[in-house]
Amino acid sequence: MSYLERIQSSGISRRGFVKASAAAAAALSVAGIAGCAPNSVEETAEETAGSEQRDLVSGEWKTASCWHNCGGRCVNKALVQDGVVIRQKTDDTHEDSPEYPQQRGCLRGRSQRKQVFADDRLKYPMKRKNWSPDNPQGDLRGKDDWERISWDEAFQYVADEMNKIKDQYGNRAFYLDSWTMNTEYRRLFGLFGGYINGWGTCSFGNYSLSPQNCGFSAAGGFETCNDRFDFENCEKIVMLGVNPAWSAFGMPINILKTAHDAGATFVGIDPVYNETYSLLDADWIPLYPGSDTAFLLGLAHSLIVQDDNGSLIDWDFLDKAVLGFDADHMPEGVDEKDNFMDYVLGTYDGQPKDAEWASRHCGASADRIMALAKEIGKDNKVALLTSWAPARTNNSDNLPQLFMIIGAMTGHMGKSGHMTTCVDSQTFGNHGPSLVKPGGSGLEEIPNPENDYVNDTQAWSMILGEPYNYTGQSNDGIEWKPCEVRTADIHMIFHGGGNRLQSRQAILQGVEAHRKVDFVVTATTFFTNDAKYSDIVLPVNTEWEREGGMVTGNREMVIMYQKIVDSLYESKDDQDIVKGIGEKLGISAEELYPYDRKQQLFNMAAGTIVAKETGVSSSGMANPFTDDGSQNADSDYELLLTITQEDIDRWGVEGQPQEGRIPISQLEETGVYQIERSKGDNYGFIAFEDFVKDPEANPRPYSESGKLEAYSKALADKVNGMGYENSDIKPIPTFIQPLNGHEDTYSDFEKGTKGDYPFQVVTMHYMGRSHTTFGNIAQLQEAFVSPVMINTVDANDLGIESGDTVMLTSKYGKTLRTAVVTNRIIPECIGLTHGSWSDYDEENGIDYGGSDNILFGNDVAGQGTSGFNTLIVKVEKIDTELVPDCDKPRRIIEL
Ligand SMILES: Nc1nc2c(c(=O)[nH]1)N[C@H]1C(S)=C(S)[C@@H](COP(=O)(O)OP(=O)(O)OC[C@H]3O[C@@H](n4cnc5c(=O)[nH]c(N)nc54)[C@H](O)[C@@H]3O)O[C@H]1N2
Ligand SMILES: Nc1nc2c(c(=O)[nH]1)N[C@H]1C(S)=C(S)[C@@H](COP(=O)(O)OP(=O)(O)OC[C@H]3O[C@@H](n4cnc5c(=O)[nH]c(N)nc54)[C@H](O)[C@@H]3O)O[C@H]1N2
Ligand code: SF4
Ligand SMILES: [Mo]
């Protein structure tokens, strides 16, 4: 009998089940628990129907999308009975093993039906009551009532305003926030003549520009990690701010666990002793947020002074492969004194960046820094891992370069058991060419004729009339240009595919910006902060209600998911919304979408390629198709799917039959195609391998010199050329006191006198949410209460106990949360979970939702960095009892 059948027959209600599973999860989440009210249509029905009546077995299992920007891509299945989703499960298409693991979903994916069927879904198009085209009354945004309108009215309002604004002010009066989750609206505004779009260093932090210029990798740090099987060859794995146990579900944590079980030891360097370190029994080196540059400079110094004739440092590799490490390896025409080693030793500035010096800035003990240098010496098999989090800090523009230099000094590159890598959530611990990848949808991109982009830190101030720095950068990586200071006169904001008034810094300034313009539209699924401050809200359906699609995450698999249910209420697919507005503007559906969703999916399926069993070499990565559409025999890839004329007829699409490895019906049935891997197969990958063997013959594709650049003039020129304040970086990594970093918590750092904002904050990506998504699902709110973490010593000083309400106050805002007192965070630092929905009281200026970005202003440094982990606050205990998030009323708009 299955677990659920047992629950059913034992008469345990679903509520009891939630509590039991929440208790188990809370142990993991450093969180307390509180009871909650039900929040989904299904849940209420289940309870009133009585569990003993229900059949939880029959029906059809369909592969269901899990589509968020969540750090994973997993197999998710829904049992559909008479059009109703009864249960969910995850990958059970094959036996699980470390070599050939199932693509298992996380708690959020398994709660997906609680989101799709949530009773706070946006149901109908809505208009703000006091908005009218002639009298917008923008100051009422966020406070006004709503009225239901028809789709036709909604499309007409939006089109009329677009026409009016374009006629009066031109296309640069449109600010379009359309990004990660959906870029459809760019097609509409592109064909309408253009728009200003936001861009940011958001996820990557300073991994946006920095790694390319110094020869480390493409943006983001991809391609720097060995294949997952190689972790078992490591003796020591050092992690600088890495937490896949929360941020990278599916395979990643198993990769590290397998290495652990094979005998590797672990070190975590982080303000928080996170779940990953705990699982792996890691040794913790605590340090202040945003102080990694100081820490690594101290580590470089410790390597140099403890090196005994090459006992720790791979001088031979530095000699061959690194530009600017010492005076003998400087580029032509620059002052030799400006080399990295002399800076570290303090030869010319009189300040050795020794472990003692580093310790003062980063808080880690000097002895531990010295000891770590010995542990990572070149003769040990070491993987140096970092994430983007330490680089989501102000003034860490040289951090990726410095991390690379440490790896080069210790020779942990290009060899089995040695790695120097930035790991992101989806490809975590498993780099190398994709072994299976979907084809394109066939839709060509529609360019933005205005080609104008504003950095995230300046978007709201630009709308408020302040100048911004145009640098050619966009989220699609448009070419970098030296800064040109521009202004804009924005009259309309359109949000589609994000929740930027929640997820971007400076929420309160954002609210002001929203109140200033003539017209705000949001297309989304819930009453998010973006929707709340709009005039027209367009209800978008979820992927479960669409035609299906294909996604990939790690390099070994693709998923094909299906439609699960029809669109709920009046919600619509974004593509239909775009077409609806387009029609009113005189832009034809064919121009916007030459293919419908079904054809787009078919094109992706037909174009899916898979690595041949002989493996993928760098020369064989070419497209498997030649120009005339036939297969390219030199390619290391072949088509995945066999498609017959009957399949094409069954799908009702245009296409040609093709020969591939498996029938398309098989992928439709199982929902996933995964390469069955084994140790020693042909798909292994060692990053930097060719370069390390022969740097001369295999120059790095990214740097000017083809070497790894400890001295990168290109990097300094680019960052400084973007023209933001606080941007004076050098071609070598140097210590720059970070804006809003540890030193700024003092009024006098040298004397040790604390200032008005004596605490730092890390805003951590949280297990219970994907950013702000799932932030309204009571089941998850109950299991993951989004606490603030505070160190025991600080809590004692401030009279705070676990369960007390604390107020965090920054220069810009105030927010309330419930405290968890713990020794798993360093003193003088607060852990705040990223993405809680703001619940702002305009009367007293307090946010009751624990929102992170209400605490930020638009301080900007370096390459326009979103410095989410450089934030300083004051902390107090407050005598207000907070209603647990899961017990608050849902944001359901009565119409
Ligand atoms: N303080 C702080 N702030 C941060 C971070 C941090 O670490 N600290 N992290 C940053 C990072 S790395 C990121 S990536 C961003 C994420 O920032 P966002 O992308 O703004 O955050 P999400 O919560 O993922 O928002 C996605 C929104 O799109 C909606 N949506 C989903 N699918 C669709 C669709 O098909 N169509 C439409 N129209 N809407 C859809 C969802 O309902 C949701 O409201 O946040 C950043 N903000
Ligand atoms: N559950 C969940 N998973 C997610 C997401 C989510 O919202 N929820 N979002 C996804 C997305 S879009 C992204 S970009 C990734 C982000 O994932 P990451 O870039 O890895 O970011 P975090 O998980 O916030 O932080 C990782 C670790 O870095 C530590 N850290 C923070 N600041 C510093 C610092 O200055 N120095 C050092 N040494 N350590 C520091 C944190 O304490 C934490 O232990 O996560 C993805 N995965
Ligand atoms: S990690 Fe993402 S894709 Fe995987 S189950 Fe969780 S929410 Fe879904
Ligand atoms: Mo991200």
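First, some housekeeping. This is a predicted model, where local features need pLDDT of at least 70, side-chain atom pairs count only at pLDDT 80 or more, and totals for chains, interfaces and linings use all residues. Residues are numbered from 1 along each chain as its sequence is written, chains are lettered from A and ligands numbered from 1 in the order in which they are written, and side-chain values use heavy atoms, with hydrogens and water left out.

Let's begin with Met557. You'll find Met557 in strand S22, residues 557-561; strands are DSSP runs (E, at least two residues) and helices are DSSP runs too (H or I, at least four), numbered from the N terminus. Is Met557 buried or exposed? Met557 counts as buried because its relative accessibility is 0%, where buried means under 20% relative accessible area, exposed over 50% and partly exposed in between, with a 1.4 Å probe and protein chains only. Beyond its neighbours within four places in sequence, Met557 is in contact with residues including Arg73, Val436 and Tyr673; contact means heavy atoms within 4.5 Å.

Now the domain. An unreviewed UniProt entry annotates residues 121-583 as "domain: Molybdopterin oxidoreductase", and such annotations may be inferred rather than shown by experiment. Over residues 121-583 the chain is 30% helix and 16% strand.

On to ligand 1. Which residues come nearest to ligand 1? Of the 31 residues around ligand 1, they are Asn499, Ser503, Asp574, Thr772 and Asn853; a residue is near if one of its heavy atoms lies within 4 Å. For polar contacts, the pairs are N or O atoms within 3.5 Å. The side chain of Asp574 has an N or O atom 2.8 Å from a nitrogen atom of ligand 1, and for the side chain of His834 the distance to a nitrogen atom of ligand 1 is 3.4 Å. Taken alone, ligand 1 exposes 920 Å², and the protein buries 97% of that; these areas come from the Shrake-Rupley method with a 1.4 Å probe.

Finally, ligand 2. Of the 36 residues around ligand 2, Ser247, Gly290, Asp292, Arg769 and His771 come nearest. A polar side-chain atom of Arg392 sits 2.8 Å from an oxygen atom of ligand 2, while the side chain of His765 has an N or O atom 2.9 Å from a nitrogen atom of ligand 2. Helix H8 (244-247) and strand S31 (759-764) each supply at least two residues of the shell around ligand 2.

Definitions and conventions:
Polar contact = N/O pair within 3.5 Å; in protein donor to acceptor, adjacent residues only side chain to side chain.
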